[in-house]
Amino acid sequence: MDVLGSVLNGPRAKDAFLLRLVMASPWSLRIEDEAPLTVVVTVNGTNTIRFDDGEQVTVRPGDVAVVRGPEPYAVGDECAPTAIIDRDQNCTSLDGVDLVEELSLGVRSWGNSKDGESVSLVGTYGAAGEVSARLLAALPRLITLPNNNNPLISLLSAEIDRDAPGQEVMLDRILDLVLIDTLRNWFSRPDSVGPKWIAAESDPVVGHALSLIHHNPGQPWTVAGLAAQCAVSRAGLARRFTDLVGEPPMAYLTNWRLSMAADLLATGNVTLETVARQVGYSSAFALSAAFKRVRGVSPRDYRRSLAG
């Protein structure tokens with residue numbers, strides 16, 4: 001698996017919140033769900049996604065937008081929001097009246113008019129553990145991909161309002177594929193503002209060093225060891241790696257290991273000792289010390305914060 005592939009391997013939706021949003025103009029919703037990641041596919045109509053600081057983007061039929069939380073934002077026409085989506089995906093009016101039942105249009109369909117000219121497919125990852133911390137760290141808060149006739153979009157549209165055995169699992173996996181395909185295409189664009197290591201992957205020396213780190217994080221790597229594997233001098237690798245990636249090799253290795261540890265801790269079913277061994281630390285104590293030094297919280301407290 002290449003370096004980008006190892007990061008895109010993270011999304012694992014579980015009972016994701018998915019719906020078909022059907023709205024008649026004028027309309028605008030304020031989203032305050034604090035979700036780590038939301039995918040918005042415009043099927044019909046033109047919508048605008050707006051942040052409080054003025055950043056906004058207009059999405060058209062076939063376009064896909066990916067919004068990284070937890071900042072609030074508005075989606076819809078360029079008018080003041082008339083309803084709010086909260087952390088539990090409940091919809092209320094601005095004065096707190098529950099609108100969930102009033103706007104229900106059937107299985108996973110919701111809106112103010114069944115014949116509304118604006119139709120969007122929305123998929124929300126509800127918990128941080130469903131999306132790799134490494135992936136979230138690599139993304140800006142909003143990206144868009146123009147219509148590329150992705151057949152996965154048609155599949156999601158066909159399946160989203162079906163009510164069949166295993167449908168939730170089916171939709172979770174389709175959502176994962178839509179997200180991965182969108183991000184893969186976005187990262188490959190020359191104008192994408194991704195992390196430096198995306199571009200560094202194409203460098204024959206630094207790309208090889210990144211691959212070694214990503215595929216074998218448990219190895220006791222040193223700069224000298226990586227340099228030997230890349231057939232360059234220790235100083236040459238350190239300088240070239242820092243210039244292209246933005247941080248020294250050992251700092252990158254530490255952050256990569258701790259990001260992997262955070263992802264493993266989010267699953268909730270592995271011991272701290274097992275996590276330590278998988279990401280290259282000699283003991284749970286060594287991992288805890290590094291995790292708290294870099295992230296400011298112990299692994300156990302981090303796991304508790306996800307469960308809460």
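Visitor: How many bridges join strand E4 to E5?

Guide: Two strands are said to pair if DSSP finds at least two bridges between them. Strands (E, at least two residues) and helices (H or I, at least four) are DSSP runs, numbered from the N terminus. Here strand E4 (residues 47-51) runs antiparallel to E5, and four bridges join them. Within this pair, Asn47 stands opposite Val59 in E5. Please note that this is a predicted model, in which local features need pLDDT of at least 70 and side-chain atom pairs count only at pLDDT 80 or more, whereas totals for chains, interfaces and linings use all residues. Residues are numbered from 1 along each chain as its sequence is written, and side-chain values use heavy atoms, with hydrogens and water left out.

Visitor: In what order do the strands of the sheet with E4 and E5 lie?

Guide: The order is E5-E4-E7-E2-E8-E9, an open sheet of six strands with mixed pairing. Strand E5 (56-59) and strand E9 (91-93) each have a single partner strand and stand at the edges, so one side of each is left without a neighbour in the sheet. From one strand to the next, the twist averages 25 degrees; such angles run from 0 to 180 degrees between N-to-C directions, with axes being lines fitted to C-alpha atoms, for helices over the stretch in contact.

Visitor: Which strands does E2 pair with, and in which sense, parallel or antiparallel?

Guide: Strand E2 (residues 28-31) is joined to strand E7 (residues 73-76) by four bridges, and these two run antiparallel. Ile31 has Tyr73 in E7 as its bridge partner. With strand E8 (residues 83-85), E2 runs parallel, and three bridges join them. In that pair, Leu29 has Ala83 of E8 as its bridge partner.

Visitor: What is the order of strands in the sheet that holds E10 and E12?

Guide: That open sheet of six strands has the order E10-E1-E11-E3-E6-E12, and its pairing is mixed. Strand E10 (109-111) and E12 are the edge strands, each with a single partner strand, so one side of each is left without a neighbour in the sheet. The twist averages 25 degrees from one strand to the next. Strand E1 (residues 17-23) pairs with E10 in the parallel sense over three bridges, and Leu21 has Trp110 in E10 as its bridge partner.

Visitor: Which strands does helix H3 touch?

Guide: A contact means heavy atoms within 4.5 Å. Helix H3 (residues 151-159) packs on the sheet and touches E1, strand E3 (37-44), strand E6 (64-68) and strand E11 (118-125), its direction making about 90 degrees with that of E11. Helix H4 (residues 167-187) lies across E1, E3, E6, E11 and E12, and runs at about 90 degrees to E12.

Visitor: Is Leu142 buried or exposed?

Guide: A residue is buried under 20% relative accessible area, exposed over 50%, and partly exposed in between (1.4 Å probe, protein chains only). Leu142, in strand E12 (residues 142-145), counts as buried because its relative accessibility is 10%. Leaving aside residues up to four places away in sequence, Leu142 touches Ile49, Phe51, Glu55, Val57, Ala65, Val66 and Val67. Val57 is 85 residues from Leu142 in sequence, yet the two are 8.6 Å apart in space, C-alpha to C-alpha. By contrast, Ala199 lies in helix H5 (residues 196-200) and counts as exposed, at 56% relative accessibility.

Visitor: How are two packed helices described?

Guide: They are described by the angle between their axes and the distance between the axes. The axes of helix H9 (residues 249-267) and helix H10 (residues 272-279) come within 9 Å and cross at roughly 145 degrees. In H9, Arg257, Met260, Ala261, Leu264 and Leu265 meet Leu272, Val275, Gln278 and Val279 in H10.

Visitor: How many disulfides does the structure hold?

Guide: A disulfide is a covalent bond between the sulfur atoms of two cysteines, and the cut-off used is a pair of cysteine sulfur atoms within 2.5 Å. The structure holds zero disulfides. Cys79 is in none, and the nearest cysteine sulfur, that of Cys91, is 14 Å away, which is too far for a bond. Cys79 is partly exposed, at 27% relative accessible area, whereas Cys91 counts as buried at 1%.
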